[in-house]
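This briefing concerns a predicted model.

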Amino acid sequence: MSIDVNGAVVHEVGSKWSVERLRLRDPGPTEVRIRVMASGLCHSDDHLVTGDIPNALPLVGGHEGAGIVESVGSAVRRLKPGDHVATAYLPACGTCTWCAQGMQYICDTGGGMETGMALDGSARFTTADGHGIGAMQRLGTFADHLVTDEAQAVKIADDIPFEVACLVSCGVGTGWGAAVNAAEVRPRDTVLVVGVGGVGINAVQGASHAGAAYVVAVDPVGYKRERALELGATHAFPSIAEALPFVRSVTNGQGADSAVVTVGVLTGDLVAEAFGAVRKRGTIAVASIGQNEPGIPISPLELVTYAKTLRGLLFGNCNPTRDIPALLDYYRAGRLKLDELITRRYRLDEVNQAYADMHAGINLRGVLVHEH
């Protein structure tokens, strides 16, 4: 049966989050209903408010979640009631061309995400006046319950804390994979990580795990530079320009082996600056979201004659059904720090304060904890 839930909704660009009572529809045949226990407060959800990511509004926010399966549709095969799960903001159908090649992060069923509607085009959340609205990435983890296709829920071990598990749903996998999968960091490399917030700090951890000799964190916020040095960075600077003399001093003047760009809001100029900071055959891996405007002022001659690689990525080019449990295994083995990422926990009614804190640069990662 359908149930009443509490959730945070953004109604228009520039508005605040509005905590509202909503109606949640029953799961369809391939869907599950999840009691959301915790949600990461990712910058991508703030892009709905700023308009940096175009989406149909109003929308229930949140895509980085963890919780407990309460009920399942008649055709669900992967999950059962009582399972602990992390949400997958990118679906993994398992059968499309991309999933079959081990590239779940570009699964065909991810098309149309900007509407927030379920795969059948209908809404799972309904407002008090009966108006159906979408959910961020077809999830809506800022609500205390959600309904989504089983392709967007990954079973996790019962002993993993929900506040930790939710982080792996987006920020951790994106940052870790940006370094390990996209930038292909190798032992003894010199790596620039540009932007060390909730995603970049995990690129720092990934680069360190991969054996980089120098992991150089770049962020204008002093607190984030300090945390980066605690979590695997060897050096930290406020800007690429200030980092470059050191980078060149340890690379015989060549530049970094790779640059991972994980800033909050991307510009073409910043990509170009990172492009200029890497050596011949260097790689620039871009994980950040920017406005949908063309223009990266790089030299085509330098691109070709220096054989550089400029690469975009989604979810760190990770496969949710494999890599979410794998990253949590690293955490359990003490090889990936997750508890240390959580700066502060918030109630649902504190969601606007949480994003104010993010913009103020005082959070590495805030986590919204639902009260049940």
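Glutamate 31 and arginine 124 form a salt bridge (a side-chain nitrogen of Lys or Arg within 4 Å of a carboxyl oxygen of Asp or Glu), with the closest N and O atoms 2.9 Å apart. The pair links distant parts of the chain, 93 residues apart: glutamate 31 is in strand β3, arginine 124 in the loop between α2 and β7. Strands (E, at least two residues) and helices (H or I, at least four) are DSSP runs, numbered from the N terminus. Both glutamate 31 and arginine 124 are buried, meaning under 20% relative accessible area, where exposed is over 50% and partly exposed lies in between (1.4 Å probe, protein chains only).

**Other salt bridges**
- The count comes to 19 salt bridges.
- Aspartate 257 pairs with arginine 279, the closest N and O atoms being 2.6 Å apart.
- Because aspartate 257 lies in β14 and arginine 279 in β15, this pair ties together parts 22 residues apart in sequence.
- Aspartate 257 is buried, at 16% relative accessible area, whereas arginine 279 is partly exposed, at 24%.

**Lining of the second largest pocket**
- A pocket is an open set of points on a 1 Å grid over the protein atoms alone, where a 1.4 Å probe fits, with protein on both sides within 12 Å along at least five of seven lines; lining residues have an atom within 4 Å of a point.
- Residues lining the second largest pocket include Asp257 and Arg279.
- β15 gives the most to this lining, with 3 residues.

**Basis**
- Residues are numbered from 1 along each chain as its sequence is written, and side-chain values use heavy atoms, without hydrogens and water.
- In this predicted model, local features need pLDDT of at least 70 and side-chain atom pairs count only at pLDDT 80 or more, while totals for chains, interfaces and linings use all residues.
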